[in-house]
Amino acid sequence: MGENATAGRGVLGRARGFVKGRPASQKVGGGVAAALLASAPFGGLAAVPEPGPEPIAKGKAVMVGPYEVVVDQVVELPDLKPAVSPEPSERVVVVDMKVTLTGDRPEYAVTLTKNVSLTGGGVEVVDGPDLYFVEDATRMSNINPGLTYRLALTYTTSGPWQGDSVTVSSNLVEFREEDKQTLDPDAWVARDKIQSRGTFPLVRRS
Amino acid sequence: MRRSIALAAFVLAAMGIGRLITDHVPTGDVADKPFTHAGVVGEKVALDYADVTVTGVHVTPTIMGNPASAAGGRFLVVDTELVATREPVFMAGFFLVDASDHRWISSTRGSECVTNAKLSTGVRHYASFCFDVPKRALSGARLVATRGMWTSHESEFRRDDLADVDLGIAAAEADTLWAGTDPVNVKESGPVPPAEARR
C-alpha cells in the first residue's frame, strides 16, 4: 500500500513537473481540451444541430434560387378556368404569390415550380405545379429579371383538401458556376434539402 | 546519350509551346462565339439561312387588352419581316439585349405575340415579338434573332449566324416612350402583311 502511494505520488509529481515545463500557450490548450473532455457526458462534444428551415409567412419574402417569392394566400377552387379545368372530383389548390426574378438574365419557371411543394392535405397532386400570370391567365414558362409578377402556382389535386391548413415548403436551390460532368455551367441546381417552410390557412372558394 | 537529351529537350519545348497556346490563344471564345451580323431598324440583315428585317418598334402598356406585368409596366413590341433564303427554317431565338448586355425573353402575353417563327423558303413571314420589360431595358435595346433558342449559357447558337439589330432607342427617348399609353394590337403572325391581316 505504501509502495503504491509512493509510486502514485511519483507519477503525479512527474506529470506536474512536465506541465510546469510547458509554455503558457500549451498549458491553456491542454486546459481547454481537458474541459471539453469533462463536458462530454453533458453533450459538450455533440454535433451542433443544423438550423431548421427558414419560416415562410404571409407577406414575407423568401428566396427560391434566383426568385424572390412572397406568398399572400393559399386558395382551393373547383377550377381556375380558362387556365386549369380539372375533373369534377378534383380540385385546384393555388398559391397566390408575387415573384421577382433577381439577377440579370431570364430564367426558366421550372426552377420555381419544381421546388415549391404543398403537404398536409391527404390528397395526391395529379397535375402541376404550373405557373400562370394572374391578370390574364397566361402560362409562364420563362421569367424576365427585375419585374414583379403576381402569379398563381397551381396544383390539381385528386380531391378536396383534408383539413384547414396547407404547409408550403421550398427546396434549397444553389447556383452552380461550373459542372465538368454535364458541361452545363451557370445553372441553378436544386438540392435535396428543405430551405423554407410555413403553414397557411386554406381559403376555400366555390 | 546526346540523342536522348535532344529528344527530352524537344518534348519539353513542345509541351511549353502547347501551354503557351492554351494560355494565350482564346480558343474557347472562338469555338463558342456566333457569327454576329449587326443591323438597324428598316435594314435587311442577311444571315446564312434567312433575311431578318425589323420593320417597327412600339412601347405600350397594353397588348390586345393584356397589361404589362406590373402596374405602370410596359411592353416593347418589335415587328419583323423574315424570309428563309435557302430552305425551310425554324427560328427559335428572338430575345432582347439591353445597353448593359442583359437578356430579356419574349412574352406570349397578348394572343398574337410569338416567340419563334417557322419560315418557308422564299415566303415573307411577318411576326411581332413582345417583351415585358422594365424601363431600364429600353435605352440602347437590340433585338437578337437566331435559330437556336435562348438558354442560360447561350449554347444553342454557338457558331451560328445571328442578327443583332439596334432598335434605335436613345437614352433621351426612353422617358417619352415609357410615358406613351396607346395600346398596340399585334397582327397575326404569318405570310399575310400586317396591313392586310384581318386581326
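This is a predicted model: local features need pLDDT of at least 70, side-chain atom pairs count only at pLDDT 80 or more; totals for chains, interfaces and linings use all residues.
A residue counts as buried if 20 or more other C-beta atoms lie within 10 Å of its own, with C-beta atoms placed from the backbone. By that criterion, strand β1 of chain B, which covers residues 35–40, is hardly covered, since the count of buried residues among its six residues is zero.

**Chain A: overall form**

- The domain assignment divides chain A into domain 1, given as 2–42, and domain 2, given as 54–204, and the C-alpha centres of these two domains of chain A lie 60 Å apart.
- The secondary structure of chain A consists of three helices and 11 strands, and when chain A is read along the sequence these elements follow the pattern α-α-β-β-β-β-β-α-β-β-β-β-β-β.
- Chain A has a radius of gyration of 29 Å, whereas a compact globule of 206 residues would have one near 17 Å; the C-alpha trace of chain A spans about 95 × 40 × 30 Å along its principal axes.
- Buried residues make up 26% of the 206 residues of chain A, and among the contacts in chain A between residues at least 6 apart in sequence, 70% join residues at least 24 apart.

**Chain B: overall form**

- Chain B comes to three helices and 13 strands, and its radius of gyration is 23 Å, well over the 16 Å that the globule rule gives for 199 residues, so chain B is more spread out than a compact globule.
- Along its principal axes, the C-alpha trace of chain B spans about 85 × 40 × 25 Å.
- Of the 199 residues of chain B, 33% count as buried, and residues 24 or more positions apart account for 73% of the contacts in chain B that have a separation of 6 or more.

**Contacts between the chains**

- On the side of chain A, 18 residues are in contact with 17 residues of chain B, and by class the side of chain A that touches chain B has seven nonpolar, five polar and six charged residues.

**Nonpolar cores**

- In soluble globular proteins, nonpolar side chains tend to be buried together.
- The largest nonpolar core here has 44 residues, of which Leu76(B) and Leu96(B) touch the most other members.
- Not counting residues up to four places away in sequence, Leu76(B) touches Val59(B), Leu96(B), Phe131(B), Val133(B), Leu138(B) and Ala141(B).
- A second, separate core has 35 residues, among them Met140(A), Ile143(A), Leu151(A) and Ala152(A).

**Strand β1 of chain B**

**Thr113 of chain A**

- Thr113(A) lies in helix α3 of chain A, which covers residues 110–113, and Thr113(A) is classed as buried because 20 other C-beta atoms lie within 10 Å.
- Leaving aside neighbours within four places in sequence, Thr113(A) is in contact with Pro129(A), Asp130(A), Leu131(A) and Leu153(A).
- The C-alpha atoms of Thr113(A) and Gly128(A) are separated by 8.4 Å, while the two residues are 15 residues apart along the chain.

Notes: Residues are numbered from 1 along each chain as its sequence is written. Chains are lettered from A and ligands numbered from 1 in the order in which they are written. Domain bounds come from an automatic or database domain assignment. Helices (H or I, at least four residues) and strands (E, at least two) are DSSP runs, numbered from the N terminus. The radius of gyration is taken over C-alpha atoms; the globule rule is 2.2 Å times the number of residues to the power 0.38. A residue is buried if 20 or more other C-beta atoms lie within 10 Å of its own, exposed if 12 or fewer, and partly exposed in between; C-beta atoms are placed from the backbone. Two residues are in contact if their C-beta atoms, placed from the backbone, lie within 7 Å. Ala, Val, Leu, Ile, Met, Phe, Trp, Tyr, Cys and Pro count as nonpolar, Asp, Glu, Lys and Arg as charged, and the others, Gly among them, as polar. A nonpolar core is a set of buried Ala, Val, Leu, Ile, Met, Phe, Trp, Tyr and Cys residues joined through C-beta atoms within 7 Å.
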